[in-house]
Protein chains: 2
Amino acid sequence: MPSDKNLRTLVLDTPNKIGQKVKICGWVDVRRDHGKLIFLDVRDRTGIVQAVINPKVSAEAHKTAQELRSEYVLEIQGKVNPRPENLINAKMATGTVEIEVADLKILVRAEALPFELDTALNIDTYLDNQPLALRSRKNQAIFRIQSAIAQSFRDFLSGQDFTEFQAPKIVAQAAEGGAEVFKVDYFDHKAYLAQSPQLYKQIMVGVFERVFTVTSVYRAEPHSTTRHLNEYVSLDMEMGFIKDHTDVMNVLNGWMTSLTKLLRKNNVSDLALLGMELPMVPKKIPMFKLKEAQKIIDKKYGTKATGLPDLDPEHERMICKYVQEKFNSEFAFITHYPTKKRPFYTYPDEDDPETTKSFDLLFRGVEITTGGQRINDYEQLLANIDKWGYRHENFSFYLEAFKYGMPPEGGCATGLERLTQKLVGVDNIKLATLFPRDMNRIDLSLGKLKL
Amino acid sequence: MPSDKNLRTLVLDTPNKIGQKVKICGWVDVRRDHGKLIFLDVRDRTGIVQAVINPKVSAEAHKTAQELRSEYVLEIQGKVNPRPENLINAKMATGTVEIEVADLKILVRAEALPFELDTALNIDTYLDNQPLALRSRKNQAIFRIQSAIAQSFRDFLSGQDFTEFQAPKIVAQAAEGGAEVFKVDYFDHKAYLAQSPQLYKQIMVGVFERVFTVTSVYRAEPHSTTRHLNEYVSLDMEMGFIKDHTDVMNVLNGWMTSLTKLLRKNNVSDLALLGMELPMVPKKIPMFKLKEAQKIIDKKYGTKATGLPDLDPEHERMICKYVQEKFNSEFAFITHYPTKKRPFYTYPDEDDPETTKSFDLLFRGVEITTGGQRINDYEQLLANIDKWGYRHENFSFYLEAFKYGMPPEGGCATGLERLTQKLVGVDNIKLATLFPRDMNRIDLSLGKLKL
């Protein structure tokens, strides 16, 4: 393959090269043989363009094109021509120009596809074939948006003077909360996969005041639902010198505003392709104490939520419905979850010590973020570890950060895949996850693999 | 604690507020009691400023200040005064202004420190006490630089049209290379921690052509050396439609240039504090085939490297010395490692099939990056899996990406901690790692924890 570094034209740039000869590299998305003329939709990372192979222009290219199938990798050279407006097939989205092929070279062959890209697949078929299925334009759009979410999280927080750090995933303690964890054979010891970077991000507040990390976290719960994953990506932040949990909520509110603004600006064609409606983010997302939210939905929808220590999934959907109707917001903050439902480090509300300065952010009916103020006083933290029935020595590393002066602080964690799922509007979180793991699957079905 | 969101002044901004009353929040870095006057160095995330507590200005603040120790968390209010130039202690680096304290509030107390921050510590004492020890200015600088390295990797590649993706860490296969791996109890199955995102990033080339990921990787080798970690962060990239491995090397060369430029611009005080000399990055980093490099050092330093399948650590140091003396470059590319020393997916050189289109990037005597062109032809890849004695079915998920058309592609992986170590100039990689894990340690010594 000759050097084409300075010669290759990306599909996105072809409309700017009308009348010029270009070289395009990419995959055959679709081939249509009209006898005399062969049409190819050629896909590269920037889009799809139609290529027309006319034997009168190149008999050789036309001969080579007989063999082509979807996913063949090609290098084509030809002239960029405008497409007659009445022939532009908007549905195919192959744009306003086409390439009149003068030269066609097969770089790599592909076997016959087991399914057409962009066909709706059964979830197991899809997951078994992700290396191929991810190439569909819809999946490209979903995971470009996922990438943009993580990037906007980093950019927004960096702009607010947060420092990124790398959190370890192998940990010595089973858990800081109630979640089940995976065990790792660690030389002669038992270790665990981190269920969150919580303890480390709090430690890092002592170092940089404001920190964030994008990190994989693990839950060994044996579920295979449409809203859970055993390995997922957590967008974690933590900040010192706060007044209370509302400072954290304000930063989160700001990020959501920034995220939707950026997607609206940078991902126009992805949004169009997915038919995505981006949410409007209120300047102040409506917030309700848990008890208030429960009262509201009991009254409005006849539920029996009041008195429960948490919102059921159904209650989350209802309060979101209420907030959307009443405040035109697809986001809602729920605060003041009971002490007993939150981890030991959660800050109790001085005015109502059975509740905490904690919050969840709900979006389109589900919790996407959980956070709050943390206990920063060393003695109070020790007392709470006692109260929870844990042993101080199991947390001695973490506790050192508090023994030597930790300012009032708090933070939150957002699930990347769940936020992606709710933004792009797919009904199973695995459709918003690259290479999801569940109790039956690591890439392929574990049963099939007989591991 | 009252809301101070709009009131807090960061230390960095104090020189712009001479004559004004400000509020500073931070930690007591050092307290010096001169009887009448008490001096504090107050540290926040942006720097250190001197605070002067004069009983004539505030008797109450002076009384409170009697109790202060290092790492107490404070809120102080007072006037910003210029410091007399002859009194500015350059070594303390507390700047050109001081705060005349009118009000002093203790936010959180700290116990007496077991050691002074910025004292040189025994490595085990340091690691046992990272939550405290990381607060030293030197460690802040090291990990700010580490954060900047990861950010520059992302920014540079995003600017070159690479898309970030999230790589899974739980994998079904023991290894794609020779490294030892950690086992995970995965429900009723055995799974493993990924030794690299290699197979996934290659799959993603089929989706986005150019991808990168910043991801934790795992090596279960029972070592406790100054240059190895059992969990480290890999900066991985992979790109399609390449001519050969040199396209990858060019992108890497470009990133190194961009990285050093950014650090020079954005991390001035970190560089000064660490006494760091940033390397000059040549427009074209000198490159040598392995055999050539071996001949050179055998001739120049009397080693017996020629014929060996790899460079020993000593050889890496020598070729770096040679390249620095001869070409004034602290970087050197070594290419064409033998087929048998590289993984099954490495592209053999057509002109010398016992060698590969692979490379290592050496910097200041050690390998920081490894990469190359990959085999993209499906049949050739199958044949190589056979040759290596692996089973096709163990790679069937990965192979699907090649069965359906993969362009010529390659990539590389850079160890974040090792690059940090060599840039900042610390002699143990654990000093450039947040929360390092080795066979004897997860946060604390495993022996002590009796896990």
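First, a term: two residues are in contact if their C-beta atoms, placed from the backbone, lie within 7 Å. This is a predicted model, where local features need pLDDT of at least 70, side-chain atom pairs count only at pLDDT 80 or more, and totals for chains, interfaces and linings use all residues. Residues are numbered from 1 along each chain as its sequence is written, while chains are lettered from A and ligands numbered from 1 in the order in which they are written.

Now the interface. Chain B gives 81 residues to the contact, and chain A gives 80. On the chain B side, helix H4 (residues 137-159) supplies the largest share, six residues. Helices here are DSSP runs of H or I, at least four residues, numbered from the N terminus. That side of chain B splits into 46 nonpolar, 12 polar and 23 charged residues. Ala, Val, Leu, Ile, Met, Phe, Trp, Tyr, Cys and Pro count as nonpolar; Asp, Glu, Lys and Arg as charged; the others, Gly among them, as polar.

Next, Val184(B). Beyond its neighbours within four places in sequence, Val184(B) contacts Phe182(A), Val184(A) and Leu193(A), plus Ile170(B), Ala191(B), Tyr192(B) and Leu193(B).

Last, the helix pair in chain A. Which way does H4(A) cross H6(A), left-handed or right-handed? The crossing is right-handed, meaning the near helix is turned clockwise from the far one by less than a right angle. Residues in this contact include Ile145(A) and Phe156(A) of H4(A), and Trp255(A) and Leu262(A) of H6(A). The tally is nine nonpolar, four polar and no charged.

Notes
Helices (H or I, at least four residues) and strands (E, at least two) are DSSP runs, numbered from the N terminus.
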